[in-house]
Amino acid sequence: MEMARMLLLLLCGLASVIVAKSDSSVSCEDLGFTGLALCSDCDALAEIVKDAELESDCRKCCAQELQDSISKTYSGAILEVCMRKLVFYRNVEAFIEKSLAQFPLVDVNYRFGSSPKLIMKDERGNEKESIRIDNWKTEHIEQFLKEKVRPKAT
(Lines give C-alpha, C1' and ligand atoms only; values in the text may rest on other atoms or scores of the structure.)
Protein backbone atom coordinates (compact mmCIF):
# COMPACT_ATOMS: atom_id res chain seq x y z
CA MET A 1 0.00 0.00 0.00
CA GLU A 2 2.81 2.40 0.90
CA MET A 3 4.52 1.61 -2.39
CA ALA A 4 1.32 2.47 -4.31
CA ARG A 5 1.10 5.84 -2.52
CA MET A 6 4.72 6.64 -3.38
CA LEU A 7 4.13 5.72 -7.00
CA LEU A 8 0.98 7.87 -7.11
CA LEU A 9 2.84 10.85 -5.59
CA LEU A 10 5.67 10.39 -8.06
CA LEU A 11 3.28 10.32 -11.04
CA CYS A 12 1.38 13.40 -9.78
CA GLY A 13 4.65 15.27 -9.36
CA LEU A 14 5.78 14.28 -12.84
CA ALA A 15 2.47 15.40 -14.34
CA SER A 16 2.72 18.80 -12.64
CA VAL A 17 6.26 19.27 -13.97
CA ILE A 18 5.09 18.45 -17.49
CA VAL A 19 2.16 20.88 -17.24
CA ALA A 20 4.40 23.61 -15.83
CA LYS A 21 6.89 23.11 -18.65
CA SER A 22 4.24 23.31 -21.35
CA ASP A 23 2.77 26.49 -19.82
CA SER A 24 6.06 28.36 -19.61
CA SER A 25 6.59 30.71 -22.50
CA VAL A 26 9.80 30.52 -24.47
CA SER A 27 11.52 33.85 -24.95
CA CYS A 28 12.71 35.13 -28.32
CA GLU A 29 16.28 34.90 -27.05
CA ASP A 30 15.74 31.20 -26.22
CA LEU A 31 14.48 30.72 -29.78
CA GLY A 32 17.59 32.40 -31.16
CA PHE A 33 16.06 35.80 -31.95
CA THR A 34 17.11 38.99 -30.22
CA GLY A 35 14.00 40.96 -31.10
CA LEU A 36 16.12 43.07 -33.44
CA ALA A 37 15.23 40.95 -36.46
CA LEU A 38 13.09 42.71 -39.01
CA CYS A 39 9.98 40.96 -40.27
CA SER A 40 11.32 41.10 -43.83
CA ASP A 41 14.26 39.04 -42.57
CA CYS A 42 11.71 36.36 -41.65
CA ASP A 43 10.66 36.30 -45.32
CA ALA A 44 14.27 35.75 -46.35
CA LEU A 45 14.71 33.14 -43.62
CA ALA A 46 11.59 31.27 -44.77
CA GLU A 47 12.79 31.32 -48.36
CA ILE A 48 16.25 30.05 -47.46
CA VAL A 49 15.57 27.60 -44.64
CA LYS A 50 12.07 26.36 -45.61
CA ASP A 51 10.98 25.58 -42.03
CA ALA A 52 7.44 26.72 -41.16
CA GLU A 53 7.97 26.45 -37.39
CA LEU A 54 11.16 28.53 -37.54
CA GLU A 55 9.40 31.14 -39.68
CA SER A 56 6.53 31.27 -37.17
CA ASP A 57 8.98 31.78 -34.29
CA CYS A 58 10.72 34.52 -36.26
CA ARG A 59 7.44 36.33 -36.89
CA LYS A 60 6.61 36.24 -33.17
CA CYS A 61 9.89 38.02 -32.43
CA CYS A 62 10.40 40.38 -35.37
CA ALA A 63 10.02 44.13 -35.60
CA GLN A 64 8.09 45.85 -38.37
CA GLU A 65 10.22 48.11 -40.52
CA LEU A 66 9.73 51.05 -42.78
CA GLN A 67 9.62 50.33 -46.51
CA ASP A 68 13.06 51.88 -47.11
CA SER A 69 14.77 49.54 -44.64
CA ILE A 70 13.70 46.32 -46.38
CA SER A 71 16.96 46.16 -48.29
CA LYS A 72 18.96 46.89 -45.14
CA THR A 73 22.58 45.90 -45.29
CA TYR A 74 25.37 45.89 -42.75
CA SER A 75 29.00 46.95 -42.78
CA GLY A 76 30.26 43.69 -41.37
CA ALA A 77 29.48 40.65 -39.30
CA ILE A 78 30.90 38.39 -36.63
CA LEU A 79 30.28 34.67 -36.76
CA GLU A 80 30.30 33.65 -33.10
CA VAL A 81 30.52 29.99 -32.09
CA CYS A 82 32.00 27.78 -29.39
CA MET A 83 35.06 25.97 -30.75
CA ARG A 84 34.13 22.84 -28.79
CA LYS A 85 30.58 22.80 -30.18
CA LEU A 86 31.72 23.46 -33.74
CA VAL A 87 32.00 19.74 -34.53
CA PHE A 88 28.22 19.47 -34.00
CA TYR A 89 27.57 22.18 -36.61
CA ARG A 90 29.18 20.73 -39.75
CA ASN A 91 27.71 23.37 -42.09
CA VAL A 92 29.05 26.23 -39.97
CA GLU A 93 32.41 24.47 -39.74
CA ALA A 94 32.46 23.99 -43.53
CA PHE A 95 31.64 27.68 -44.03
CA ILE A 96 34.55 28.72 -41.79
CA GLU A 97 36.99 26.34 -43.48
CA LYS A 98 35.98 26.82 -47.13
CA SER A 99 33.99 30.02 -47.60
CA LEU A 100 35.04 32.53 -44.95
CA ALA A 101 37.89 33.89 -47.10
CA GLN A 102 35.28 35.15 -49.62
CA PHE A 103 33.87 37.45 -46.92
CA PRO A 104 36.60 39.85 -45.73
CA LEU A 105 34.11 41.80 -43.58
CA VAL A 106 33.13 38.71 -41.59
CA ASP A 107 35.21 37.75 -38.56
CA VAL A 108 34.99 34.59 -36.46
CA ASN A 109 34.80 34.91 -32.70
CA TYR A 110 35.21 31.70 -30.73
CA ARG A 111 33.25 32.13 -27.49
CA PHE A 112 32.89 29.34 -24.97
CA GLY A 113 29.37 27.92 -24.84
CA SER A 114 28.01 30.06 -27.68
CA SER A 115 25.65 28.55 -30.22
CA PRO A 116 26.48 29.60 -33.78
CA LYS A 117 25.16 33.03 -34.65
CA LEU A 118 25.82 35.94 -36.94
CA ILE A 119 26.18 39.30 -35.24
CA MET A 120 25.55 42.04 -37.79
CA LYS A 121 27.46 45.34 -37.43
CA ASP A 122 26.73 48.88 -38.59
CA GLU A 123 29.24 51.30 -40.15
CA ARG A 124 30.58 52.24 -36.70
CA GLY A 125 31.17 48.61 -35.77
CA ASN A 126 28.25 48.52 -33.34
CA GLU A 127 26.35 45.26 -33.03
CA LYS A 128 22.87 45.74 -34.50
CA GLU A 129 21.35 42.30 -34.88
CA SER A 130 22.07 38.74 -33.81
CA ILE A 131 20.82 35.76 -35.81
CA ARG A 132 21.16 32.13 -34.76
CA ILE A 133 22.35 29.88 -37.58
CA ASP A 134 22.38 26.49 -35.85
CA ASN A 135 20.48 24.69 -38.61
CA TRP A 136 21.54 26.73 -41.64
CA LYS A 137 23.27 25.03 -44.53
CA THR A 138 26.60 26.40 -45.72
CA GLU A 139 25.08 27.82 -48.90
CA HIS A 140 22.39 29.62 -46.87
CA ILE A 141 25.01 31.30 -44.72
CA GLU A 142 26.85 32.37 -47.87
CA GLN A 143 23.69 33.69 -49.56
CA PHE A 144 22.60 35.60 -46.45
CA LEU A 145 26.00 37.27 -46.09
CA LYS A 146 26.14 38.15 -49.80
CA GLU A 147 22.75 39.87 -49.49
CA LYS A 148 23.23 41.56 -46.10
CA VAL A 149 26.92 42.56 -45.84
CA ARG A 150 27.98 45.52 -48.00
CA PRO A 151 31.06 44.87 -50.09
CA LYS A 152 34.12 46.96 -49.22
CA ALA A 153 34.28 50.32 -50.99
CA THR A 154 37.21 50.34 -53.39
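**Labels and cut-offs**

Me: Why is K50 called exposed?

Reply: K50 has 66% relative accessibility, and exposed means over 50% relative accessible area, buried under 20% and partly exposed in between (1.4 Å probe, protein chains only). So K50 counts as exposed. Bear in mind that this is a predicted model, where local features need pLDDT of at least 70, side-chain atom pairs count only at pLDDT 80 or more, and totals for chains, interfaces and linings use all residues. Residues are numbered from 1 along each chain as its sequence is written, and side-chain values use heavy atoms, leaving out hydrogens and water.

Me: Where is K50 found, and what is its phi?

Reply: K50 is in the loop between α3 and α4; helices here are DSSP runs of H or I with at least four residues, strands are E runs of at least two, and both are numbered from the N terminus. The phi of K50 is positive, about 55°, although K50 is not a glycine.

Me: What makes Q143 partly exposed?

Reply: Q143 comes out at 31% relative accessibility, so Q143 falls in the partly exposed class. Q143 lies in helix α6, residues 138-148.

Me: Which element gives the most to the lining of the largest pocket?

Reply: That's β4, with four residues. By class, the lining has 11 nonpolar, three polar and five charged residues; Ala, Val, Leu, Ile, Met, Phe, Trp, Tyr, Cys and Pro count as nonpolar, Asp, Glu, Lys and Arg as charged, and the others, Gly among them, as polar.
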